Amino acid sequence: MRHRRLRLCGASLLLTLAVLLAPVSVIATWVNSEVTDVDRYEQTVSPLARDPAVQDLMVDRVTDGVVENIDARKITDAVADTLADRDAPRFLVDAARTLDEELKGGLTTGVRFAVGKVVTSDAFAKAWDSINRGAHTAATNVLTGEGGGAIEAKGDTITLNVANVIEELQKQLIGVTLVEAADIPGADKSIVLVRNDNLSEARDAAHWLGVVGPWLPLAVVVLAGLGIWAAPSRRVALMAGGIGIGVMMCGLLVGLAVMRQIYLDAVTPVAQSQEAAAAVYDILVRFLRQAILTVLLTALLTVIAGYLYGQGRGAAAVRSAAARSTETAGHALARRGLTTGAVGQWLRTNRPLTTGAVIGAGGLTLFLWNYPTPAVVALLLLFVVVVLVILGVLAAADGAEQRL
């Protein structure tokens, strides 16, 4: 083959660039989707209001803030003074002055119950979704550090904003507790999830990823396609690209796990709950993890497809079994008098073309699919295989018809 060495070097360079850009492309696409797609953002933050660990954290923080506004000593003193004015026995007056801790404990239980009913209600979950959809700024805030939303980045800290709870609490707690409704906003409205000195640099990097996010997937596909086209052995290049991208996706999954541990180690005592912090992290990156698994599965299927078109014994055995099966099914159709006519003849003559067209259509559908998942990849694979089997049976039926 002419210029074999030059083609090999060029293909290697193109495939290497595609492999190295693949994880950056996945992350950038995820960041871009969270910033520009309000529906995707809502799907991301919606489970926060429904996660038990996050709910417990909200209940604890809001309850503590509300109870702190109640002067239990002032209440018990008032009760004791009232008893004294009415000539109550001395021991009752003294006992009333020592009930501040018990009173505070009872108030804490009552407030926690009321707040828990609000936070765990369907109405609050719907209000959470509505508020966050209307204020679709949280993902942008993580990049810019400005504005307010469910997740905010301020300086070198990331906080979970629970101010959404306050308005609903005012409605629920009026007349239930001894604190005025106006005092309820005094409770902490934000919970510090993580404080990190390198957050500003990470935010700048995420900003640039969001800018180039829409174009990186196309660049990876183009680079990989050019590399495969230029390679002396296109099947080997296809498998090499699939293996490289698969390895990078595995590395990205490992990186997510490491970042999760770093994030949990950086949670300040103010957050009070490792479980809630872990739930927040898992919820916010679940679509990123899903995208990584989708690309990993696609790369694995690409490697398998490249292998099946090779000269290995296993690949030859699979192809032979598939050919025998389609031939048998085609003969059965022909014996039953089901003819395929010109369509079957064209399919038999142009079988490589039809196979490539079906596989290419499946790949294009996957590329154009908004937010594909591993389930979508499996469904498209099943569809492609079924179509190829049907075309193979129709082509075999034409050959059997001619022999008969």
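# Close-up views of a predicted model

**View 1. Thr-44 in its helix.** Thr-44 lies in helix α2, residues 38-45. Helices are DSSP runs (H or I) of at least four residues, strands are runs (E) of at least two, and both are numbered from the N terminus. This is a predicted model, where local features need pLDDT of at least 70, side-chain atom pairs need 80 or more, and totals for chains, interfaces and linings use all residues. Residues are numbered from 1 along each chain as its sequence is written, and side-chain values use heavy atoms, without hydrogens and water.

View 2. Is Thr-44 buried or exposed? Thr-44 counts as buried because its relative accessibility is 3%. Buried means under 20% relative accessible area, exposed means over 50%, and partly exposed is in between (1.4 Å probe, protein chains only). The Thr-44 side chain reaches the backbone oxygen of Arg-40 at 2.9 Å. Leaving out residues up to four places away in sequence, Thr-44 touches Glu-34, Ile-283, Leu-284, Arg-286 and Phe-287. Contact here means heavy atoms within 4.5 Å.

**View 3. Two arginines and the ring of Phe-287.** The charged end of Arg-40 sits over this ring, 3.7 Å from its centre. The charged end of Arg-286 also sits over the ring of Phe-287, at 4.3 Å from the centre. A charge sits over a ring if NZ of Lys or CZ of Arg is within 6 Å of the ring centre and within 35 degrees of the ring normal.

**View 4. The largest nonpolar core.** A nonpolar core is a set of buried Ala, Val, Leu, Ile, Met, Phe, Trp, Tyr and Cys residues, joined through side-chain atoms within 4.5 Å. The largest has 38 residues; Leu-48, Trp-128, Met-249 and Ile-292 touch the most other members. Helices that each supply at least two residues of this core include α1 (4-36), α2, α13 (274-284) and α14 (286-308). Which helix gives the largest share? Helix α13 does, with eight residues. Another core, of five residues, lies apart from it, with Ala-11, Leu-15, Ala-230 and Ala-231 among them. In soluble globular proteins, nonpolar side chains tend to be buried together.

**View 5. Confidence along the chain.** The mean pLDDT of the protein chain is 77, and 68% of its residues reach 70 or more. The pLDDT is the predictor's confidence in each residue, from 0 to 100. Among the elements of the chain, α14 has the highest mean (93) and helix α8, residues 138-144, the lowest (52). Where pLDDT is low, the predicted coordinates should not be read in detail.

Notes. Polar contact = N/O pair within 3.5 Å; in protein donor to acceptor, adjacent residues only side chain to side chain.
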